[in-house]
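Please look at the sequence and the three-dimensional structure together, and keep both in view while reading the report below.

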Amino acid sequence: MDNILEQLKKKRIVPVVVLRNIADAKPLAKALCDGGLPCAEITFRTEAALDCIQIMSEEFPEMLVGAGTVLTTAHADQAIKAGAKFIVSPGFNPTVVKHCIKKKYPIIPGVNNPSDIEAALSFGLTFVKFFPAEASGGLEMIKALSAPYPQMRFMPTGGITPENLHTYLAFEKVAACGGTWMVKDELLKLQNFEEVKRLTEDALRTIRS
């Protein structure tokens, strides 16, 4: 888990992707890599997700590919077998968390309140997804939660935009941000991977500034 945290801290941004077509996996991975961000969280919201994880992991071994919206232990097993390097869930499901820890899968569960954070701590986890970020109080809520839980590191996701990205990342307790704007549905439907690359480059310029 520490290794995954360090890698995500270096990436700073995790593109959160909903892939509906297997054929989009390879060109999307190339666009992200060419844009300087070899990382993606492929959500388990479509039937294509598992195959896309496998394609991206095999064709682009330099990528840090994770599986998102993992709601069951079966999905966690399938994702890791397909090549996912980490598991992300939208909420804190003790069954999934316990299973992943037992199997030594890096797991980043979703939280947005003190009870969830204490549940994560009870499993020895200090890196969590803060979701849905903006709807749950945004950066001010993360700062409030960081006071009694200074050991926690957060990956806010949900409502992160190019306009607020830098503000989130400037806070030391935010390890990385999950975002969809560079991989949004409209771009994938149009197969506009050049725009994916451009938006990725822009995002990296924003955090480097």
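This is a predicted model: local features need pLDDT of at least 70, side-chain atom pairs count only at pLDDT 80 or more; totals for chains, interfaces and linings use all residues.

The following paragraphs describe strands, helices and a pocket in turn.

Six strands, in the order E5-E4-E3-E2-E1-E9, form an open sheet whose pairing is parallel. At the edges of this sheet stand strand E5 (107-108) and strand E9 (177-179), each of which pairs on one side only. Strand E1 (residues 13-17) is joined to E9 by three bridges, and these two strands run parallel; in this part of the sheet, Ile13 stands opposite Cys177 in E9.

Another open sheet is made of three strands in the order E6-E7-E8, and here, too, the pairing is parallel. Its edge strands are strand E6 (110-111) and strand E8 (153-156), each pairing on one side only. Between strand E7 (residues 127-130) and E8, which run parallel, there are four bridges, and Phe130 has Pro156 in E8 as its bridge partner.

| Strand pair | Bridges | Direction |
|---|---|---|
| E1 and E9 | three bridges | parallel |
| E7 and E8 | four bridges | parallel |

**The helices**

Which strands does helix H3 (residues 49-59) lie across? Helix H3 lies across strand E2 (39-43) and strand E3 (64-68), and H3 runs at about 160 degrees to E2. Both E2 and E3 belong to the sheet of six strands.

Helix H4 (residues 73-82) and helix H5 (residues 94-103) pack against each other at an angle of about 35 degrees, and their axes are 9 Å apart. The crossing of these helices, H4 and H5, is right-handed. On the side of H4, the residues that take part in the contact are Thr73, Ala76 and Asp77, which meet Thr95, Val96, His99, Cys100 and Lys103 in H5. Taken by class, the residues of this contact between H4 and H5 divide into three nonpolar, three polar and two charged.

**The largest pocket**

Empty space can be looked for as well, since rolling a probe the size of a water molecule over the atoms shows where such space is left. In this model, the largest pocket holds about 270 Å³ of space. How many residues line the largest pocket, and which of them lie nearest its centre? The lining consists of 18 residues, and those nearest the centre are Val16, Val18, Arg45, Thr157 and Thr180. When the lining of the largest pocket is sorted by class, there are six nonpolar, seven polar and five charged residues.

Note on methods: Residues are numbered from 1 along each chain as its sequence is written. Side-chain values use heavy atoms; hydrogens and water are left out. Axes are lines fitted to C-alpha atoms, for helices over the stretch in contact, and angles run from 0 to 180 degrees between N-to-C directions. A crossing is left-handed if the near helix is turned anticlockwise from the far one by less than a right angle, and right-handed if clockwise. Contact means heavy atoms within 4.5 Å. Ala, Val, Leu, Ile, Met, Phe, Trp, Tyr, Cys and Pro count as nonpolar, Asp, Glu, Lys and Arg as charged, and the others, Gly among them, as polar. On a 1 Å grid over the protein atoms alone, a cavity is a set of points where a 1.4 Å probe fits but cannot get out, and a pocket is an open set with protein on both sides within 12 Å along at least five of seven lines; lining residues have an atom within 4 Å of a point. Grid points are joined across faces, edges and corners, and a volume is the space filled by probe spheres set on the points. Two strands pair if DSSP finds at least two bridges between them.
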